[in-house]
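Dear colleague,

I am passing on the structure below, and I would be glad if you could look through it alongside my notes.

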2 protein chains.
Amino acid sequence: MALKIAIQGIKGSNHHQVANEFFGEDVELVECLSFDELIHQLMTGYADKAVMAIENSIAGSIIPNYALVYNNDLHIIGEHYLNIHHHLMALEGQKIEDIQEVHSHPMALLQCKDFLKAYSHIKLVESVDTAETAQRIEKDNLKGIAAIAPKVASELYNLEVVASEIQTISNNATRFIILKKENKELPEEEINKASLRFVLDHKRGSLAAVLNVMSDCNLNLTKIQSLPVIEQPWKYSFFVDVTFLKYKDYKKAKALLQIMAEEFKVLGEYKNARG
Amino acid sequence: MALKIAIQGIKGSNHHQVANEFFGEDVELVECLSFDELIHQLMTGYADKAVMAIENSIAGSIIPNYALVYNNDLHIIGEHYLNIHHHLMALEGQKIEDIQEVHSHPMALLQCKDFLKAYSHIKLVESVDTAETAQRIEKDNLKGIAAIAPKVASELYNLEVVASEIQTISNNATRFIILKKENKELPEEEINKASLRFVLDHKRGSLAAVLNVMSDCNLNLTKIQSLPVIEQPWKYSFFVDVTFLKYKDYKKAKALLQIMAEEFKVLGEYKNARG
């Protein structure tokens, strides 16, 4: 039986692309129109694993997604980077002058801002998913409307690419995480990255002390993000990613951090995709 | 002549509320339908100052706004916290059962997710501004459509509050920054907070070393956020907010950080609104 992978969006989306690159093509996709639904499919056991965008170099972390992982006790069992390519696509024969509206995900619109600025006659409309608009244009034979979506969407939904590679920054890698309900996907010797979450008091030097321990234990920090703890004005939660060469170094740091920080939690231990 | 204050959104928005609380009511508002336009109004000198949302406890930092401040060499001259209250509003006489669509800013929709879940017949539609939909409902006499907006919008646009305080988390403070083209708004003795941006190598302990200096100079960290530097895979930029009691302590740390970090830049020096 094929593995069931929940993705945000429909076939032809970036999440679909990541599912293929990470798991191969022999998977059954569970299309979800929101991240909440994606989590729901995983929690109910309908999907075996899920693919979820978590950060990119333009917008930073998608904090609500961190909260979904944390609040539902899910485990990050892998990560994958995808270079995002945006293409403007419409019904066959449509030229850029014919386009009155561009529909896409807010993030995609943001990433193509410079290109779109040159066409002030085009109205920007936010939609839930990049590929969903492409599908809708074909289904409803929508003239004057273009989608911003990955190339594969133009093939799946028989659209013509009006302008290709319209993203402002060519090197726009988005990081996706692979989620599962249970942990223990990999043996310790294959693990060289971890995602952690902990809480610290607003006390001078408290974060410095934690980072010193990490550094002493040979951990590299690849990401750090503070977030005020709601209802507790003087506390901060931190989402931190670390890489390491030896699992035993990480294990030692983990033991120390459990003592030093409050509400210490491992969100996932996995293989660094940029090793 | 009244001070011209650029706000994101129109009258009745949260930005409007912040402008009133920070500057008093005797200001001329410059309504902008995007953060880009807000920056444009400031850069061209049409607006004297601007109010810009920068982070909240649910979604974290609005990273693209940090980039706008940084890339345009703007200065943060103040900050303000607003407790966000969301109300569902529609034409007079409309009940919740009559509502088919709720339009609001994606962030507002996210913050009212739990309330909206209970009304699965209602379709959620993302719009640019919380107050703009309220205005449109009145203008076009739109039945079956509700806006999520601050209370003041219901008064300005003659709508009835169908459900009040529908936000999931009651203590949802959003932080706004006040921007200006020129610096030097306050004398040194009134400054006790600063926003900094710098770049570090992906080298074990490099951030710990910087935080140690801050701690040694009696600076408190109230926010930290890493972001991969685009096109430079092994470098990270950091956005950091610090508070301090003595400007001379901060001045010393600043001198040290200028040597230790690359591309060190002060985004603003101002008065801590949570002093």
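What follows is a description of the interface, the relation between the copies and some of the salt bridges.

This is a predicted model, in which local features need pLDDT of at least 70 and side-chain atom pairs count only at pLDDT 80 or more, while totals for chains, interfaces and linings use all residues. Residues are numbered from 1 along each chain as its sequence is written, chains are lettered from A and ligands numbered from 1 in the order in which they are written, and side-chain values use heavy atoms, with hydrogens and water left out.

To begin with the interface, 41 residues of chain B are in contact with 40 residues of chain A, contact meaning heavy atoms within 4.5 Å. The two chains bury about 3,500 Å² between them, 55% of it on carbon and sulfur atoms, where buried area is the accessible area (1.4 Å probe) that two parts lose on being put together, summed over both. Across this interface the rule finds two salt bridges, a salt bridge being a side-chain nitrogen of Lys or Arg within 4 Å of a carboxyl oxygen of Asp or Glu. B:Asp36 forms such a bridge with A:Lys113, with the closest N and O atoms 3.2 Å apart.

As for symmetry, chain B can be laid on chain A with an RMSD of 0.0 Å by a turn of 180° and a shift of 0.0 Å along the axis, the copies being superposed by least squares on the C-alpha atoms of residues with pLDDT of at least 70 in both. The two copies are therefore related as by a two-fold rotation axis. The same surface serves both of them, since 98% of the contact residues of chain B recur in chain A. Of the residues of chain B, B:Gln225 comes closest to the axis, its C-alpha lying at 2.3 Å.

Over all chains, the count comes to 20 salt bridges. In one of these, the side chains of A:Arg197 and A:Glu263 meet at 3.2 Å, N to O. A:Arg197 counts as buried at 9% relative accessibility, whereas A:Glu263, at 45%, counts as partly exposed; buried means under 20% relative accessible area, exposed over 50%, and partly exposed in between (1.4 Å probe, protein chains only). In chain B, the side chains of B:Lys193 and B:Glu79 form a salt bridge at 2.9 Å, N to O. B:Lys193 is buried, with a relative accessible area of 3%, and B:Glu79 also counts as buried, at 3%.
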